[in-house]
Amino acid sequence: MSTATNKQVVLKDYVSGFPKESDFDLTTNTVEFRVPGGSNSVLVKNLYLSCDPYMRLRMGKPDPSTAALAQAYAPGQPIFGYGVSRVIESGHPDYKKGDLLWGIVGWEEYSVITPMTHMHFKIQHTDVPLSYYTGLLGMPGMTAYAGFYEVCSPKKGETVYVSAASGAVGQLVGQFAKMMGCYVVGSAGSKEKVDLLKTKFGFDDAFNYKEEQDLTAALKRCFPTGIDIYFENVGGKMLDAVLLNMNPLGRIAVCGMISQYNLENQEGVHNLSNIIYKRIRIQGFVVLDFYDKYSKFLEFVLPCIKEGKITYVEDVVDGLEKGPEALVGLFHGKNVGKQVVVIARE
């Protein structure tokens, strides 16, 4: 077969406010099963796609302040993100037909990519679920690892708070912290997610932020001696409440701010003077800066998976046509665990 139809998820126009399923179109084109002679291109069949909060930043009009890290999607073109794929044809010396890889691909059944260092990674370990490379063994896993161990500088016995704790990154940060001997509390937006944190991921405590009238009081209840480390995923009012509960010399790793991504005017933070007197270190980080440690990360995490020390929960939908609904659902907290779109299981 020299050609095949190729379903794609296309962004209709730039998005403001919360994204909707109607912001996307499902279109079809034709793909040739060959790569241009002499090129480094690789034709891949996409198996799993990753839904991630940062993708919201790419849906808006291009913003010079975020352009370097969040290249805007082009209206009328397929959106793109992290995925797991199998090589169909290759002009690249490092990839051959049948190889598996994870990295940036289009939201489509087939993509033509030019593999780049720290953008695409050949999959060597196939004795774990391939979908894990959209999460635990991919970008979110590396984010949790780098953010916690490299940015937070944790020590045994410290108190750790994780917001959006049942998501792709948060569920891992909590488990890494428990493995270090820390006291860990997480927050999430439903009873089901809170139960998951306590019963499946081993958090010491957890609360539903939607049921708390006073976030500052909720954190004081959970951390009577204060917070040493905050892994920040939500921003806004939660960050304000955390600053009042941080301990001297505390560390805040700013991974994301999902509460702010859909707002025209982002909320201000009012308790910033605490940073001075408590000598709090707040550090934003981007996983791209840490991919040079990916092999070290795998050496650490693969044995943890095989020994049952790490649990990972995925929320899986089948079919590219379900992709927009799954992606939009992230911003309404509909996913329980890592949101994955299955295009083809093999």
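Contact here means heavy atoms within 4.5 Å. This is a predicted model, in which local features need pLDDT of at least 70 and side-chain atom pairs count only at pLDDT 80 or more, while totals for chains, interfaces and linings use all residues. Residues are numbered from 1 along each chain as its sequence is written, and side-chain values use heavy atoms, with hydrogens and water left out. Helices (H or I, at least four residues) and strands (E, at least two) are DSSP runs, numbered from the N terminus.

- Two packed helices are described by the angle between their axes and the distance between the axes.
- Axes are lines fitted to C-alpha atoms, for helices over the stretch in contact, and angles run from 0 to 180 degrees between N-to-C directions.
- The axes of helix H5 (residues 215-222) and H6 come within 8 Å, and they cross at roughly 45°.
- H5 and H6 are therefore oblique to each other; angles under 35 degrees count as roughly parallel, over 145 as roughly antiparallel, 65 to 115 as roughly perpendicular and the rest as oblique.
- The crossing of H5 and H6 is right-handed, a crossing being left-handed if the near helix is turned anticlockwise from the far one by less than a right angle, and right-handed if clockwise.
- On the H5 side, Leu-215, Thr-216, Leu-219 and Lys-220 take part, and they meet Lys-237, Met-238, Ala-241, Val-242, Leu-244 and Asn-245 of H6.
- This contact of H5 with H6 comprises six nonpolar, two polar and two charged residues. In this classification Ala, Val, Leu, Ile, Met, Phe, Trp, Tyr, Cys and Pro count as nonpolar, Asp, Glu, Lys and Arg as charged, and the others, Gly among them, as polar.

**Helices H2 and H3**

- Helix H2 (residues 139-151) packs against H3 at an angle of about 45°, and their axes are 9 Å apart.
- H2 and H3 are therefore oblique to each other, and their crossing is right-handed.
- From H2, Gly-141, Ala-144, Tyr-145, Phe-148 and Tyr-149 make the contact, and from H3 the residues are Leu-172, Val-173, Phe-176 and Ala-177.
- The contact of H2 with H3 has eight nonpolar residues, one polar and no charged.

- Buried means under 20% relative accessible area, exposed over 50%, and partly exposed in between (1.4 Å probe, protein chains only).
- H2 is largely enclosed by the rest of the structure, because eleven of its 13 residues are buried.
- The buried residues of H2 include Met-139, Pro-140, Met-142 and Val-151.
- Just after H2, Ser-153 has a positive phi of about 45°.
- H6 is mostly covered, with seven of its nine residues buried; among them are Leu-239, Asp-240 and Leu-243.

**Salt bridges**

- The structure contains 17 salt bridges, each defined as a side-chain nitrogen of Lys or Arg within 4 Å of a carboxyl oxygen of Asp or Glu.
- Lys-155 is paired with Glu-158 in a salt bridge whose closest N and O atoms are 3.7 Å apart. Glu-158 is buried, at a relative accessible area of 10%.
- Lys-178 and Asp-204 form a salt bridge at 3.0 Å, N to O. The pair links distant parts of the chain, 26 residues apart: Lys-178 belongs to helix H3 (residues 170-179), and Asp-204 to the loop between helix H4 (191-199) and strand S10 (205-208).
- Lys-178 is partly exposed, at 30% relative accessibility, and Asp-204 is also partly exposed, at 34%.
- Glu-267 and Lys-237 form a salt bridge at 2.9 Å, N to O. Glu-267 is in the loop between strand S12 (246-254) and helix H7 (274-277) and Lys-237 is in helix H6 (residues 237-245), so the pair ties together parts that are 30 residues apart in sequence.
- Glu-267 is partly exposed, with 36% relative accessibility, whereas Lys-237 is exposed, with a relative accessible area of 57%.

**Two individual residues**

- Ser-39 is found in the loop between strand S2 (24-32) and strand S3 (42-50). Leaving aside residues up to four places away in sequence, Ser-39 touches Gly-91 and His-92.
- The C-alpha atoms of Ser-39 and Thr-114 are 8.7 Å apart, although 75 residues separate the two along the chain.
- Asn-274 is in helix H7 and counts as buried, at 15% relative accessibility.
- Leaving aside residues up to four places away in sequence, Asn-274 touches Leu-243, Leu-244, Arg-279 and Ile-280.
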